[in-house]
Amino acid sequence: MTSRLTVLAGPTAVGKGTVAAYIREHHPEVWLSVSATTRPARPGEVDGRHYHFVSGEDFADMVSKGEMLEWAVVHGRASYGTPRGPVEQALADGRLPLLEIDLQGARQVRAAMPEARFVFLAPPSWDDLVSRLVGRGTETEEERAVRLETAKVEMAAQGEFDAVVVNDEVRRAAEELVSLMRSPELDDKD
Ligand code: 5GP
C-alpha cells in the first residue's frame, strides 16, 4: 500500500523547524524529508541529516534535471528544495513521509501531488509570532521587518490547508501532527 505525504508549512518563525526536530527525535516511524539548501550549515547541523548542504551550481543542476519535487528561494537569501526520489521511495515503502517546507514550496507540492495532506502550523496569536521573531535574535531590524511582512501574507494562506495545528507547545503540536498523519481519512477533503 502506498502512503500519503504530509506537508507542514506555516509563517516564518512559527517554529516549524522545532516541531520537525521534535518529531525527528521522538518519532522514528515518521520519515522526514532531508532538503537540499545552498545556505551554509549552522553549528550542530549535520550534512545529510538536517540538510544536504550543496553549492548553488549543484542546486541548479538538480533543478534542471527535474530532481526537485519543489524548490524556492526563502527570505531572498538561499535556495531550498525537496529531492523528489527519496520522497517517492518513502511513499512506495508505505512510510509516513513529512516535508517541512515554506509556503511557496507547499503550493508547488499541491500542484504536483494534490492528494497530499497540507497542515498549517499557526502561532497562538500574532503577538506571539512577533515576539518569537524578536526573541530569536538572529535577524537584524531590517530583516525582521521584511519577515514580518512575509509572515502577514503567509498567515493569510491558512485557508488553503487541510488542517491547522497551533504551536502553543512544541511537544503537543508535534503529537497532534503525528496523530493527524496516522489517521489517513479523518481530515480528508472531498
Ligand atoms: P532554515 O534556514 O531556518 O533551516 O529554514 C528556513 C526556511 O526554509 C523555513 O521556513 C523552512 O520551512 C524552509 N525550507 C526548508 N527546507 C525547504 C525545502 O526543501 N523547500 C522549501 N520550499 N522550503 C524549505
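**Reading a ligand pocket**

Tutor: Welcome! The ligand sits in the largest pocket, where "sits" asks that more than half of its atoms lie within 2 Å of the grid points. This is a predicted model, with local features needing pLDDT of at least 70 and side-chain atom pairs 80 or more, while totals for chains, interfaces and linings use all residues. Residues are numbered from 1 along each chain, and side-chain values use heavy atoms, without hydrogens or water.

Student: How much space lies in the largest pocket?

Tutor: Rolling a water-sized probe over the atoms shows where empty space is left. A pocket is an open set of points on a 1 Å grid over the protein atoms alone, where a 1.4 Å probe fits, with protein on both sides within 12 Å along at least five of seven lines; lining residues have an atom within 4 Å of a point. Here the space is about 1200 Å³, filled by probe spheres set on the points. Of its 40 lining residues, Arg-39, Arg-42, Tyr-51, Tyr-80 and Glu-100 are closest to the centre. The lining divides into 15 nonpolar, 10 polar and 15 charged residues.

Student: Which residues come nearest to the ligand?

Tutor: Being near takes a heavy atom within 4 Å. Of the 15 residues around the ligand, Ser-35, Arg-39, Tyr-51, Tyr-80 and Glu-100 come nearest. This shell holds five nonpolar, four polar and six charged residues.

Technical notes. Nonpolar A, V, L, I, M, F, W, Y, C, P; charged D, E, K, R; others polar.
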